Amino acid sequence: MTAKPLTVDQLYKPAMADSLPASTRRLKAFNDFLGQERAKEAVLMALEMPHDGYNIFAIGENGLGKRTMIKRLLAEAAQQEEAASDWCYVNNFVEPRNPIVLELPAGKGAVVQKSMTKLWRALSRSVQTAFQHESYVGRVEGLKATLTQAQQDELQDLALEAEKRQLKLVLRTPGGHGFSPITAEGEVMNIDAFNALTIDDQQQRKTAMHDMEKRLQKLADRLGRMEDQNRDQVQKLNDEVTLAAIEPLIKKLKEQYEDLKPLVDYLSTYQQDIIENVDLILNSQELEPDAVASVSSDNAIPSRYQFNVIVSNNPKKGAPVVFEDLPTHYNLMGHVEQVTYMGTVATDFTLIRAGALHRANGGYLLLEAEQVLEQPYAWQGLKRALRSRSLKLSSLEQMLTLTGTISLEPDAIPLDVKIVLLGDRETFHLLQEYDPELQQFFKIRADFASAMPRTVENEQKYAHFLADCVAKEKLLPFDRSALMALIEESARTAEDQQKLSLHAASVGDLLRESHYWAINHQQKQVTADHVRHALAGQERRRGQLRELYMEDIAQGTQLINCEGSVVGQINGLTVVHYADSEFGLPSRITATVHQGGGDVLDIERTVDLGGSLHAKGVLILSSYLRAKFGRDRAIHFSASIAMEQNYGGVEGDSATMAELAALVSAITELPIRQDLGITGSMNQMGEIQPIGGVNAKIEGYFAACQLKGFTGTQGVIIPQQNVRHLMLRTEILQAVEQGLFRIYAVNHAEQALELLLGEPMGVANGKGKYPKDSIIDRVLAQLKLWHKIDKGDKPKKNKKHKKTKKAEPNKDDNSVEV
């Protein structure tokens with residue numbers, strides 16, 4: 001069971017130079033999903049499914065290039081499809097609150113809008129010319145003269161009748177016409193003259209006046225009807241003239257767009273409304289523009305006759321592919337704007353604005369799931385549109401308030417769109433758990449992998465992918481050494497010698513920064529040295545916190561020993577995550593034991609600095625100790641474990657092996673080698689389990705040893721399963737090659753204990769006895785002593801175990817003799 005140090009070949013897997021080209025110049029662009037075959041199959045299937053609900057939820061961590069890859073696939077699919085329709089809103093002349101939607105072929109919206117603008121200007125000129133023509137003016141004057149003559153004739157007849165009855169028709173102001181008595185000479189009587197008449201004459205004149213007033217009233221009614229008839233005649237004339245002026249122009253436009261029946265129908269109502277409202281043209285110079293038209297780009301056209309194109313597509317570009325980076329309810333569903341004019345809030349169909357769903361209708365819409373969920377009512381609005389398969393504009397103000405504000409209710413637009421949601425696994429699983437409708441609307445899950453197998457073939461594909469990035473970014477070419485360095489860094493990012501990371505964002509950053517260093521060094525191509533410069537620069541920019549920790553270690557503020565041996569004290573290996581930086585650090589773990597009831601106190605957990613996984617690790621090692629040493633009798637000791645100088649909390653079970661070693665050391669009083677750091681989880685059977693961040697942990701302890709000074713015996717102990725995850729930095733490889741540093745891989749807790757304590761674990765003989773001074777013998781002896789004390793027996797004075805020589809590494813074969 002003796003663990004031997006790993007060789008340099010086990011600590012790093014270089015790229016296969018023979019399989020790579022001399023430069024990215026010789027590589028063609030990579031136009032496929034790198035390592036994402038599963039996701040690609042899902043996306044292609046969704047695109048070919050015409051049924052409802054086959055939208056896509058693309059899952060994967062940020063930086064994998066999900067959006068870029070999917071947009072590329074969607075763009076390819078969109079090119080094979082017909083362009084989506086244009087959508088326009090026009091006035092509903094019958095019910096203005098319900099604007100009419102028109103669906104036009106792609107690209108026709110802007111063309112028709114331009115035609116309608118030209119039509120209005122042509123109509124205005126034609127109508128004004130027609131109404132200024134002498135024939136129209138003469139006919140109107142003729143109608144007016146006829147009316148005037150008829151009125152005068154009627155009044156003249158009535159006046160003659162009045163004179164026969166000694167009355168005269170006079171004009172009164174403001175009462176209109178009336179009758180007054182006259183003298184024999186035909187002059188109007190004054191009051192004195194009338195009073196001088198006899199009573200019978202006065203009564204006769206009054207009766208005559210009363211009768212004539214009745215006849216005058218009837219005449220006034222008749223004259224009013226004559227005026228109404230005259231106005232009707234003038235209006236009919238106006239209609240005829242207007243129709244004659246506009247019909248040829250509108251008919252010509254109808255013929256031009258005869259294949260667009262909705263537009264032809266609208267032009268018919270448009271023509272009728274202009275006839276009924278021709279004053280808008282005739283008095284355009286005198287009338288002020290309405291509230292909405294005043295803010296319009298073309299306020300010369302009354303808003304009721306404008307043409308609002310909300311979606312216009314290019315007929316040559318296929319189906320639309322839209323990415324909405326701010327998916328608010330309004331930006332998704334569209335909305336109706338309002339204007340304030342002279343203290344009044346107004347709106348109409350010209351202020352209808354399209355949302356992302358309108359623009360993507362007939363094509364594809366990409367959304368970030370987290371951003372949709374962050375915006376109030378955006379997720380509900382999206383589901384409502386998908387459920388009804390239509391786009392109906394609704395005001396959030398009306399939905400959320402009880403006010404009776406009147407707004408528009410435009411015609412709904414049929415919805416035919418394929419939606420792609422981009423999100424991480426946590427967002428997807430939360431939606432799955434809390435929104436049962438997710439599966440109904442997003443039936444296809446496109447799962448993006450974060451890594452792919454590292455084979456010779458995949459290394460070549462990765463080189464093509466790098467060449468594609470270099471070409472797109474217009475960077476200097478990368479030579480073979482640079483490609484090798486990038487492939488190796490990808491494996492390090494994946495934390496696996498047998499995998500390549502697919503994190504496109506970090507690769508892009510590294511490519512650009514390597515290019516920067518090549519330019520800085522006045523080189524014509526990028527080499528491995530430039531890649532290493534870029535990596536060093538990244539570490540330096542992110543390394544301030546790490547340097548502060550290392551400074552504390554160097555000054556002794558952070559208590560770490562890298563040589564000697566101490567009872568109950570061990571160097572655990574940890575990883576610190578801070579913002580975008582991650583680095584390893586050694587952490588002192590101590591354990592103390594005393595007679596007690598068998599409980600192990602986790603100090604970190606007790607003071608709420610330890611997480612649940614760390615607490616689980618402590619419970620597992622407690623269970624291991626009971627199973628190993630307490631099968632026949634209870635364990636009569638208690639212990640406490642602490643991660644010293646930990647003030648920020650700790651989580652994870654990778655310190656379990658270190659905590660076990662500290663406990664065993666405290667029980668046996670065997671000192672632990674301080675020149676070794678250790679990391680590893682374990683199960684109840686004592687089997688070592690793999691951990692994360694192994695490279696960072698090793699490099700953190702290596703840095704501490706550098707600060708303290710190398711002794712030639714220092715190293716770390718890691719789980720055997722983590723050997724495949726090793727992609728260590730060059731300086732560590734060099735130190736291992738020179739015999740300054742060692743890395744041990746173990747499968748079982750007993751192997752680690754033997755390395756750390758410098759004694760064999762011991763194997764029981766046929767009688768169940770363990771070799772004298774073995775680790776298990778020492779544990780059992782101490783437990784037996786505590787058992788006797790607990791029973792109240794006076795323990796006999798134990799013979800002291802023979803003093804064993806501290807195990808020293810054999811520098812000839814890099815192994816430890818135990």
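In this predicted model, the largest nonpolar core takes in 57 residues. Ile 70, Phe 448, Tyr 462, Phe 478 and Leu 511 have the most contacts inside that core. Setting aside its neighbours within four places in sequence, Tyr 462 is in contact with Leu 34, Met 452, Leu 486, Ile 487, Ser 490, Leu 500, Ser 501 and Val 507. Another core, of 48 residues, lies apart from the largest one. Met 643, Ala 655, Leu 663 and Ile 667 are among the residues of this other core.

Leu 486, one of the contacts of Tyr 462, also turns up where two helices meet. Two packed helices are described by the angle between their axes and the distance between the axes. For helix H18 (residues 480–494) and helix H20 (residues 528–542), the axes come within 7 Å and cross at roughly 40°. On the H18 side, the residues involved are Ser 481, Ala 482, Ala 485, Leu 486 and Glu 489. They meet Ala 528, Val 531 and Leu 535 of H20. Sorted by class, this contact has six nonpolar residues, one polar and one charged.

Next come the strands. Three of them form an open sheet in the order S3-S2-S6, and the pairing is antiparallel. Strand S3 (100–104) and strand S6 (308–311) each have a single partner strand, so they stand at the edges, and one side of each is left without a neighbour in the sheet. From one strand to the next, the twist averages 30°. Strand S2 (residues 86–90) and S3 run antiparallel and are joined by five bridges. Cys 88, for instance, has Leu 102 in S3 as its bridge partner. Helix H4 (residues 108–132) lies across S2, S3 and S6, and runs at about 35° to S2.

What about links between cysteines? The structure holds zero disulfides. Cys 562 is in no disulfide, and the nearest cysteine sulfur, that of Cys 705, is 4.0 Å away.

Methods: Residues numbered from 1 in each chain as written. Predicted model: local features only at pLDDT ≥ 70, side-chain atom pairs only at ≥ 80, totals over all residues. Heavy atoms only, no water. Pairing = 2+ DSSP bridges. Helix = DSSP H or I, 4+ residues; strand = E, 2+ residues; numbered from the N terminus. Axes fitted to C-alpha atoms, helices over the stretch in contact; angles between N-to-C directions. Contact = heavy atoms within 4.5 Å. Disulfide = S-S within 2.5 Å. Nonpolar A, V, L, I, M, F, W, Y, C, P; charged D, E, K, R; others polar. Core = buried A, V, L, I, M, F, W, Y, C linked by side-chain atoms within 4.5 Å. Buried < 20%, exposed > 50% of the residue type's maximum accessible area, 1.4 Å probe, protein only.
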